[in-house]
Amino acid sequence: LFVGGSSMGSRSRGTEETLRYQVVEKHLADRGYEVRRYAPILCAETARHPSEQGSTEAFFRLARYIGVVSRPENVGAGGKPEAVAMTAPVMHTEGRMMFTMPSKYKRLESVPRPTNPDLALREIPAFEAAVFPYSGYTSESDAQRKLAEFLKRLKPDHANRVVKNRSGKIQFAWNAYDPPSVPAAMRTNEICIWLGR
């Protein structure tokens with residue numbers, strides 16, 4: 001059974017749809033993480049360009065794509081722009097930001113096509129991950145520090161399953177659930193470390 005969201009973050013997520021996952025193991029009390037099995041994720045993504053300060057420009061490219069701040073910058077069913085509901089979390093990988101798509105889209109082909117060439121659609125296959133929740137304001141540099149800290153907390157059998165990409169870097173994402181207006185102490189973030197079989 002896949003569920004949406006985790007109990008920690010529900011206080012500040014409103015009615016936004018969250019990612020679907022199944023909790024496989026819980027180690028929150030002693031090590032600060034749980035192992036989750038995620039269903040496939042459809043998303044729209046964009047690179048954070050070196051010339052951009054922070055994540056603001058990348059966020060607004062994605063926001064314009066779904067139609068939050070303007071007419072949707074996409075081509076949906078019937079060749080017309082289609083508003084896409086905001087979901088949580090906003091996912092970040094090294095140098096990239098992703099908006100996950102609502103569950104009503106079952107296939108990548110059904111997701112509205114971006115008109116901005118700086119955006120792309122992507123499907124992340126089903127995966128397992130060690131997920132560490134934390135609060136406060138966060139950034140890519142902060143997430144890298146948290147990653148180093150959290151890797152030390154993994155049980156040996158999980159540490160041996162950590163996935164690395166082709167360049168030898170650990171495959172992880174940092175997830176942010178809240179808009180900037182939410183106070184630091186009430187914010188929900190996660191470090192999500194991919195685990196192999």
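Biologist: Quick one to start: is Y134 buried or exposed?
Modeller: Y134 is buried, at 6% relative accessible area (buried is under 20%, exposed over 50%, partly exposed in between, with a 1.4 Å probe and protein chains only). This is a predicted model, where local features need pLDDT of at least 70, side-chain atom pairs need 80 or more, and totals for chains, interfaces and linings use all residues. Numbering runs from 1 along each chain as its sequence is written, and side-chain values use heavy atoms, leaving out hydrogens and water.

Biologist: Fine by me. How many aromatic pairs turn up in the whole structure?
Modeller: The search finds 8 (Phe, Tyr or six-membered Trp ring centres within 6.5 Å; planes under 30 degrees apart are stacked, over 60 edge-to-face, the rest tilted). One of them is F59 with F99, edge-to-face at 5.4 Å between centres and 70° between planes.

Biologist: Where do F59 and F99 sit?
Modeller: F59 is in helix 2 (residues 56-66) and F99 in strand 9 (residues 96-100), so their contact ties together parts 40 residues apart in sequence (DSSP runs numbered from the N terminus: helices H or I, at least four residues; strands E, at least two).

Biologist: And how accessible is each, F59 and F99?
Modeller: F59 is partly exposed at 31%, while F99 is buried at 2%.

Biologist: Back to Y134, what kind of pair does it make with F150?
Modeller: A tilted one, because the planes meet at 55°, with centres 6.1 Å apart. Y134 belongs to strand 12 (residues 127-134) and F150 to helix 3 (residues 140-151), 16 residues apart. F150 is buried too, at 3%.
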